[in-house]
Amino acid sequence: QAERAEARTVTSTPTYRALSLASPQASLLAASLLAAITRAPMPLALLAVAGLGALGLRPTSTHSFLQSSRAGATPRRTGLVRLAAGADKALDFPRGKLLTLFSNTAETAEWSEQDWERVYRSAERRGILPGFGSASGSIPTEVTVAELEQRTALTLQALTPRNSGAQLYLLGAAFFAVELLLAKSVGFESALVQTLPVTGLVFAVDQLLLGSKLTFAIILWLRPEYGAKLARHEAGHFLLAYLMGLPITGYFLSGASPAAGQAGTIFLDVELFEQLSRGQLKQSALARYSTILMGGIAAEAIAFDEAEGGSSDEQALVEMLTNLRPPWSKERVFNLARWSVVQAVELLREYKAEHELLATKMAAGAPLGECLGVIARGCEARQQKVAI
């Protein structure tokens, strides 16, 4: 148990909060309950639910690292940690059997980060995951704004995540204004006063206990196109993590996931964590991680000519670099972000077919092994073409 706790100090992926694919029926149910409790008309209850939902929603990413509960614990070297029984056997599995195992969450639930790391490295050495780690090793160089726009054929504005929080506040205020006008016109002002506190309680429970699943459902009901953006964003992180050679242990997009109302791609970067703990950060490790962080922004900009999500991806990079000793200057951080997003855009365009198919699979809730198989088969076909 102590060994397991220490193994969990390795860096894991940030989890990205974004809109879920939950059913809009949840909002209708909440409105029906409110209408029954307060005796307010159904239209007023629906507007109250939607209005408070818009005010309470913050569709930005929040990053967290899986850490040991023992502060300051040092991760053991991989060779000193005994593998779980299933992970030990997986070291010799062929690709098909390995991907099937990856898709079996019941089998891998007890794996530690060290287990995942050993299994992936074994697969990499045996060549059964074509393309895994093929894009790692680049060193950041100086990139100006003009060069960024020239190399990506995208404007800086398109690659800058826009803050949708203000829009949601305006949306919520608009709903409330319509509620008040409608209530006055039909004489239900007293019912509206009763409805709003109950609605606030419903959404407080939604945000604190349900991971904003209900709120996300309402926004997706109003903006169904966001589902495609979310899938592409996470597929960008997923694909680049694979190409950079970092073990991917899972992802989640829909409200049916364990983290209801959230979306994320979970990967491991043991080398980066160990370097940070020693205070010796190599440029290659930093370049790899920063490129993956920019993958979501790049994916949205390529497909939609704008990036709606990703502001916290940028924030995570800034916080990490400014907390180094000595801290990075603002211009140095900005240059790394520009270089990283250029790398992300170029890689996603090069692997366009794999990225689009991966986004489709992820949106449909395909298991981890099936998503990895999409990339592996695509990279294998590329290698075969080169050989011919």
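Partly exposed, as used here, means a relative accessible area between the buried limit of under 20% and the exposed limit of over 50%. Arg151, at 29% relative accessibility, therefore counts as partly exposed. The structure is a predicted model.

**Salt bridges**

- A search of the whole structure finds 13 salt bridges.
- One of them joins Glu346 and Arg151, whose closest N and O atoms are 3.2 Å apart. Because Glu346 belongs to helix α17 and Arg151 to helix α8, this pair ties together parts that are 195 residues apart in sequence.
- Glu346 has a relative accessible area of 31%, so it is partly exposed, and Arg151 is partly exposed as well, at 29%.
- Glu356 and Arg232 form another salt bridge, with 4.0 Å between the closest N and O atoms. Glu356 lies in helix α18 and Arg232 in helix α12, so this pair ties together parts that are 124 residues apart in sequence.
- Glu356 is partly exposed, with a relative accessible area of 33%; Arg232 is partly exposed too, at 22%.
- Asp269 pairs with Arg288 in a salt bridge whose closest N and O atoms are 3.1 Å apart. Asp269 sits in the loop between β2 and α13 (270–278), while Arg288 is in helix α14 (residues 283–293), and the two are 19 residues apart.
- In this pair Asp269 is buried, with a relative accessible area of 1%, and Arg288 also counts as buried, at 10% relative accessibility.

**Helix α7**

- Helix α7 covers residues 113–126, which makes 14 residues. From its first C-alpha to its last it reaches 20 Å, close to the 20 Å expected at 1.5 Å a residue.
- Its buried residues are Glu113, Gln114, Asp115, Trp116, Glu117, Val119, Tyr120, Ser122 and Ala123.
- Just after the helix, Gly127 takes a positive phi of about 75°.

**Helix α19**

- Helix α19 (residues 368–387) has 20 residues and spans 29 Å from first to last C-alpha, close to the expected 28 Å.
- Buried residues in α19 are Leu368, Gly369, Cys371, Leu372, Gly373, Val374, Ile375, Ala376, Gly378 and Cys379.
- The cover over these buried residues includes α5 (95–102), α7, α12 (226–243), β1 and α18 (352–363).

**Strands β1 and β2**

- Strand β1 (residues 248–252) is mostly covered, with four of its five residues buried.
- Strands β1 and β2 (residues 264–267) run antiparallel and are joined by four bridges.
- Tyr251 has Thr265 in β2 as its bridge partner.

**Nonpolar core**

- The largest nonpolar core has 81 residues. Those that touch the most other members are Phe102, Trp111, Phe238, Tyr242, Ile248, Leu321 and Leu372.
- Leu372 is also one of the buried residues of α19.
- Leaving aside residues up to four places away in sequence, Leu321 touches Leu286, Pro327, Trp328, Val333 and Leu336.

**A buried histidine**

- His233 lies in helix α12. With a relative accessible area of 4%, His233 is buried.
- Not counting residues up to four places away in sequence, His233 touches Gly296, Ile297, Ala299, Glu300, Gly309, Gly310 and Asp313.

**Backbone features in loops**

- Arg325 and Pro326 are joined by a cis peptide bond, with omega about 0°. Pro326 is found in the loop between α16 (311–322) and α17 (330–350).
- Ala153 is not a glycine, yet has a positive phi of about 60°. It is placed in the loop between α8 (145–152) and α9 (165–186). At 63% relative accessibility, Ala153 counts as exposed.
- Asp305, which is not a glycine either, has a positive phi of about 60°. Its place is in the loop between α15 (295–304) and α16. Asp305 counts as exposed, at 53% relative accessibility.

Note on methods:
Residues are numbered from 1 along each chain as its sequence is written. This is a predicted model: local features need pLDDT of at least 70, side-chain atom pairs count only at pLDDT 80 or more; totals for chains, interfaces and linings use all residues. Side-chain values use heavy atoms; hydrogens and water are left out. Buried means under 20% relative accessible area, exposed over 50%, partly exposed in between (1.4 Å probe, protein chains only). Two strands pair if DSSP finds at least two bridges between them. The expected span of a helix is 1.5 Å times one less than its number of residues. A nonpolar core is a set of buried Ala, Val, Leu, Ile, Met, Phe, Trp, Tyr and Cys residues joined through side-chain atoms within 4.5 Å. Contact means heavy atoms within 4.5 Å. A salt bridge is a side-chain nitrogen of Lys or Arg within 4 Å of a carboxyl oxygen of Asp or Glu.
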